[in-house]
There are 2 protein chains.
Amino acid sequence: MLKKERHDFIMRQINLHNRVLTSDLVQLLNVSEDTIRRDLQELVDMGLLFKVHGGALSKSYHSSFDDSTVYARDSKIIIAKKATNLIKDGMVVLTGGGTTILEFVKQLPESIQATFFTISPLVAVELAKYNNIEVILIGGLFSKNSQITYGGHVITQLSEIKADLCLMGTSAIHPEEGLTDTDWEINQLKKAMLAASKKSAVLCISEKLDIALRLKVCAIESISYLVTELDATDEALSGYTIKSLNIL
Amino acid sequence: MLKKERHDFIMRQINLHNRVLTSDLVQLLNVSEDTIRRDLQELVDMGLLFKVHGGALSKSYHSSFDDSTVYARDSKIIIAKKATNLIKDGMVVLTGGGTTILEFVKQLPESIQATFFTISPLVAVELAKYNNIEVILIGGLFSKNSQITYGGHVITQLSEIKADLCLMGTSAIHPEEGLTDTDWEINQLKKAMLAASKKSAVLCISEKLDIALRLKVCAIESISYLVTELDATDEALSGYTIKSLNIL
DNA sequence: CGGTATTTTGCGTGTTTTTGAAAGAATCAA
DNA sequence: TTGATTCTTTCAAAAACACGCAAAATACCG
């Protein structure tokens, strides 16, 4: 393999994952550590990446440090990590959009092997960084507010698929009223997503608990998993302890 | 074997595999290393390939490399600005993906009112920033390399729409060979996109001119506009001056 | 046809680039 | 702190390279 091709390979890895480990590259490219180190140094000299102990980072990663703008990011990371346990190799998963789902994708283990359907372009792009995940983006009208596809076309396509698990963020959840929403289109969409999956998991930060909005998506009996940043035994979750709903 | 034959042979190898090793050529062509080196140098001087230690690479191969810094960004901005003149209020536009298209979107006037179909999630997200643009994302399998949707589902949907203008980036364009590509799926996709539009514009940085790859998309007669960073009267564009093709 | 210029090619020589190994310093994680 | 990993520096061998030269082939011209 030519040096230029190695550089190319490394840059592709960087652009894909925003980071790269020296040791991984040694294995993948089958050359000595020294060669990789020299390659990385040359790429640094060209100003294409950023070297750290153990590997290298994307230059743009440095600037994307303003992830702090994501509201309640710490909580969402906890939720995301818990949710990754639901994904097993070989699964077919359907996901919505939103920052929590996006965080969930980032927390997935590197080696996971699965098929993901999603209505969120941003989630699709993030999922594409995993080698063993097949990504199918469901197309349709693109919503400027929620950055997901919606509308009749999306719902038609959802009716044609059957996933093992549906992962969605939530606007509001309530023990009696179940999942609720304010937007008619989003409401329809969520119903269609639930109908397209055998099981469903709702990712929900604790402050959205015990709230009911105008439009009902489904009862909490229709949900299989509720994932919050709280401990499963937490007082605030007592209203949700029914047999069909796993809290984690 | 004549020199010209060797050159042709080398170029065929390059277009086929995107790369070639000096040592391989020595064996295949049964000449000395020096001869091969001289051949490669001459092809470089003609601007047909890219020489590296150990062999040579295709000029278009170069493209996947600099995604982070966006290769030849200045040129792409010039192209993008020119291309925005093609968009009129009320138009239905179909776009592909790639950094040039993305730059084009960023250069659009704030007030533009139009409908955009796209196979690129990133383009969709960028388009969504415009209030008066309706965005329809065409869904399907998501390609990790090119960050666009592809496959049979995309092509089926493309067959159902009719746009006024199709905007696409390009891997290679040649006066006789027309638009060409190396990837079968992308090739099919581009054909479908062209078929779905009344007119078509190709955005192309000058270094992709006069290159022919393995798979043909269409003849240059099928293209309505060719947008490069060069002046329309530039020498390098002389081979493309046919009646049906507007150069800008 | 003969003689001269030009091109092409291969070879020898010396230089540069690339790569891996070794040794010791620096860094990290527990 | 201690042990393990990772880094840096230095060195050596192999591969690839550039340059000049000369033989062979080809083209050109009177």
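Guide: A helix crossing is right-handed if the near helix is turned clockwise from the far one by less than a right angle, left-handed if anticlockwise. This model is predicted, so local features need pLDDT of at least 70 and side-chain atom pairs 80 or more, while totals use all residues. Residues count from 1 along each chain, chains are lettered from A, and hydrogens and water are left out.

Visitor: OK, which way does α2(B) pass α3(B), left-handed or right-handed?
Guide: Right-handed. Helices here are DSSP runs of at least four residues, strands of at least two.

Visitor: At what angle do α2(B) and α3(B) cross?
Guide: Roughly 115°. Their axes, fitted to C-alpha atoms with angles from 0 to 180 degrees, come within 9 Å. So α2(B) is roughly perpendicular to α3(B) (65 to 115 degrees).

Visitor: New topic. Which residues are closest to DNA strand D?
Guide: R37(A), G54(A), D34(B), R37(B) and G54(B), out of 15 that surround DNA strand D. Near means a heavy atom within 4 Å.

Visitor: And which elements supply that surface?
Guide: α3 (33–45) and β2 (49–52) of chain A, plus α3 (33–45) of chain B, each give at least two residues.

Visitor: What does R37(B) touch?
Guide: Its side chain has an N or O atom 2.4 Å from a phosphate oxygen of DNA strand D. That is a polar contact (N or O atoms within 3.5 Å). The side chain of H53(B) has an N or O atom 3.4 Å from a sugar or linking oxygen of DNA strand D.

Visitor: How much of the DNA strand D side is sugar or phosphate?
Guide: 77% of its atoms within 4 Å of the protein; the rest belong to bases.

Conventions
A polar contact is a pair of N or O atoms within 3.5 Å; within protein, one must be able to donate a hydrogen and the other to accept it, and residues adjacent in sequence count only if both atoms are side-chain atoms. Angles under 35 degrees count as roughly parallel, over 145 as roughly antiparallel, 65 to 115 as roughly perpendicular and the rest as oblique.
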